[in-house]
Amino acid sequence: MKKKFVSTVLCAAMVAGSLAGCGLKTPETTTAAPAPETTTAAAAEETKAAAEETAAAAEASDTPEVTLVYAEVNPLDTIVGQMATAFKEKVEELSGGKIAIDIQASGVLGSENDVLDTMLGGGGTIDMSRISAFALTSYGVEKSVLLSIPYTFVNRDHFWNFANSDLAPEFLMEPHDNDLGVRGLFYGEEGFRHFFTVKEISGLEDLKGMKLRVSNDPIMNGMVQGLGANPTVVSFNELYSALQTGVVDGAEQPIANYKSNAFQEVAPNLILDGHTLGAVQVIITDEAWDKLTEEQQNILMEAGKYASDFNRKISEEAENKVLDELKAEGIHVIEVPDITPWQEACKDIIDSSTADNKELYQKILDMK
C-alpha cells in the first residue's frame with residue numbers, strides 16, 4: 001500500500017517534470033536555489049501527513065463496514081449527549097466512515113435499565129450505551145458500587161485521578177469478567193448530582209418525609225432513607241409527569257440534565273448538596289465487540305479516550321453556564337455551606353456499601 005503511494009508520487013513528479021519542459025527555457029544550471037529551511041520542513045511535514053492520510057484511508061477501505069447503535073437516555077445537548085457526539089465523530093473520522101455510530105438519544109430506546117436489560121439479553125438491537133457508573137450494581141457488579149457511594153469524590157479532579165488510574169480498566173472490564181456480556185470502554189462524568197423539589201425548601205430538614213424519585217439502586221435507596229425521605233422508583237422517562245402530578249415530591253440529577261429535561265418547570269427548587277459525582281461509562285456488548293476487527297477495536301478505544309478528554313474539558317464549564325441560566329430564570333437555588341450533616345446522615349449506607357471492599361475503596365479515597 002505504501003509502495004503504491006510512493007509510486008504514485010514518483011509518477012506525478014515525472015509528469016510535472018515533463019510539463020515543465022514545455023514551458024520557458026530555464027537557465028543552463030543544474031543547481032537549484034535552496035528553498036528556505038522552514039518552507040522545506042513545512043513541505044516535508046505536509047507530504048508526510050498526506051502520505052499517512054492516504055495510507056490510513058486505503059487501510060480503512062479494506063475494513064468491513066459496520067454500524068453500532070448507541071443508546072443515550074438524555075438529549076444530545078446535555079454533557080453526556082455532547083460526549084456521545086464527540087465519540088461518534090471521532091470514530092467515523094478514524095475509520096474513514098467505515099464504522100458508523102447511530103446515536104439514539106432522548107430515551108427513544110427506553111430507560112437506562114430497559115437498555116441494559118436489552119443489551120444483557122443479547123440479540124444485537126443495541127450495541128452500545130452510556131450508563132451511570134452504578135447502573136450495573138444490581139446485576140452483581142461490585143467494584144462499580146464504590147463509584148456511587150455518597151461523598152466519595154470531593155471534586156472533579158479527584159474523579160479524573162481515578163478515571164485515568166491503573167484501577168479504571170479493572171473496573172471497566174468487571175462486567176465482562178463476570179460473564180454479563182458487556183464491557184466498559186471509557187469513563188466520563190455529567191457533573192455533581194443534586195436534589196430538586198416541587199415545594200420550596202431551605203435545607204436538609206425539609207426533605208424529611210418527601211417522596212424522592214430514585215433509580216432502582218440499593219445505594220440510592222439507602223441514601224434517600226438516610227436523609228429521612230421516602231425513595232420512590234420511577235422510570236426516568238416518566239419523571240416529568242410524576243413531578244407534575246405529585247407521584248413524587250422531588251428527584252436528583254446533575255444540573256445540566258435537570259435543565260435539559262425541563263424539570264425546573266415542575267420542580268423549581270434546586271439544592272446544591274452534590275451527594276455524588278455523576279460518574280458514567282460507555283459500554284459495548286461482547287457480541288458487538290467480538291465482531292470487530294482488531295483495527296476497529298483500536299479505533300473505538302482511541303475515540304473513547306478522545307471523548308473522555310472532551311467530556312472532562314466541557315463538563316464544569318457547561319454546568320456553571322447552566323446554573324447561571326437557571327438563576328437568571330428565577331429558579332430557587334439553595335447553597336449548602338456545610339455538607340457535614342448530609343455526610344453523617346448517609347453514614348450507614350456508606351459503611352455497609354464499602355464493607356466488602358474497604359481496601360479498594362480507600363485506594364479511591366486516597367486519589368484526591
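**Buried residues, helix spans and strand pairs**

Author: This model is predicted. In helix α3, the buried residues are Ile79, Val80, Gly81, Met83, Ala84, Ala86, Phe87, Lys90 and Val91.

Reader: How do you know that the span of helix α3 agrees with its 16 residues?

Author: Helix α3 covers residues 79-94. After α3 comes glycine 96, with a positive phi near 65°.

Reader: Why is serine 308 called buried?

Author: Buried means under 20% relative accessible area. Serine 308 has 9%, so it counts as buried. Serine 308 sits in helix α12, residues 294-328.

Reader: What does the side chain of serine 308 reach?

Author: It reaches the backbone oxygen of tyrosine 187, at 2.8 Å. The cut-off for a polar contact is 3.5 Å. Leaving aside neighbours within four places in sequence, serine 308 is in contact with Trp160, Phe186 and Tyr187.

Reader: What makes strand β7 mostly covered?

Author: Count its residues, 250-254: 5 of 5 are buried. Gly250, Glu252 and Pro254 point one way, while Ala251 and Gln253 point the other way. In a regular strand, side chains alternate between the two faces of the sheet.

Reader: How do you know that β4 and β7 pair?

Author: Pairing needs at least two bridges. Strand β4 (residues 182-197) and β7 have 5 bridges, in the antiparallel sense. For phenylalanine 196, the bridge partner in β7 is alanine 251.

Note on methods. Residues numbered from 1 in each chain as written. Predicted model: local features only at pLDDT ≥ 70, side-chain atom pairs only at ≥ 80, totals over all residues. Heavy atoms only, no water. Helix = DSSP H or I, 4+ residues; strand = E, 2+ residues; numbered from the N terminus. Buried < 20%, exposed > 50% of the residue type's maximum accessible area, 1.4 Å probe, protein only. Polar contact = N/O pair within 3.5 Å; in protein donor to acceptor, adjacent residues only side chain to side chain. Contact = heavy atoms within 4.5 Å. Expected span 1.5 Å × (residues − 1).
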